[in-house]
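This report describes the fold of a single chain, with attention to one of its sheets.

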Amino acid sequence: MQFSSSILTASLLVTMTGCSQAKPIGLAIEGYNYTNRYIVDFTVTDEDGNGAWGGDVLLSTPTAGGGKFTCCVMLEPSTRHPVRLKIKWTVEGIYDSSGKAVLPDVQKETWVTVSPPYPPEAHNFEVHFYPDGHVEAAVTHWSSPPRISLPENRKPVP
């Protein structure tokens, strides 16, 4: 009886440990660019220094974000705590007709926080770049429509 009780206790401990430590999930990174200049590239890095490249981001349209999917931001789906991530990006410079830089590329960075609960079956990590320079991030199931109303004929600053 003592032997089977020990096995049962050990089995419960293994089961409980397995349930409390869900594996991180990889979320596809997608950029949304509401500014008037291209984003040459951006990265997403956690507080431990683990990072992923988000690619370049064209100007968002009224129906699309402007970025493409890259892999991956890793998040713990069962976490109960907000997660801080550093976003670093490069805004494309402005060039005259001869190709001379009127305004050079600009490097920027900020921290964003995503807070649980995350949606069931989360697939995407969205990064939204706003005209006033602030950045927001969200964990979503599918790609979201742009968060701000944009004109149909948007063009980057020449």
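The model is predicted. Its chain contains one helix and 10 strands, and along the sequence these elements follow the pattern α-β-β-β-β-β-β-β-β-β-β. Some totals for the chain are set out here.

| Property of the chain | Value |
|---|---|
| Residues that count as buried, of 158 residues | 32% |
| Share of contacts with a separation of 6 or more that join residues 24 or more positions apart | 61% |
| Accessible surface | about 9800 Å² |
| Part of the accessible surface that belongs to carbon and sulfur atoms | 59% |

The contact share counts heavy atoms within 4.5 Å, and a residue is taken as buried under 20% relative accessible area.

**The sheet**

Four strands make up an open sheet with mixed pairing, and their order is β4-β1-β9-β10. The edges are held by β4, residues 70-75, and β10, residues 135-140. Each of these two has a single partner strand, so one side of β4 and one side of β10 are left without a neighbour in the sheet. From one strand to the next, the twist averages 35°.

Strand β9 spans residues 124-129 and pairs with β10 in the antiparallel sense, over six bridges. Within this part of the sheet, Glu-126 has Ala-138 of β10 as its bridge partner.

How values were computed
Residues numbered from 1 in each chain as written. Predicted model: local features only at pLDDT ≥ 70, side-chain atom pairs only at ≥ 80, totals over all residues. Heavy atoms only, no water. Pairing = 2+ DSSP bridges. Axes fitted to C-alpha atoms, helices over the stretch in contact; angles between N-to-C directions. Buried < 20%, exposed > 50% of the residue type's maximum accessible area, 1.4 Å probe, protein only. Areas by Shrake-Rupley, 256 points an atom, 1.4 Å probe, with all protein chains shown as cover.
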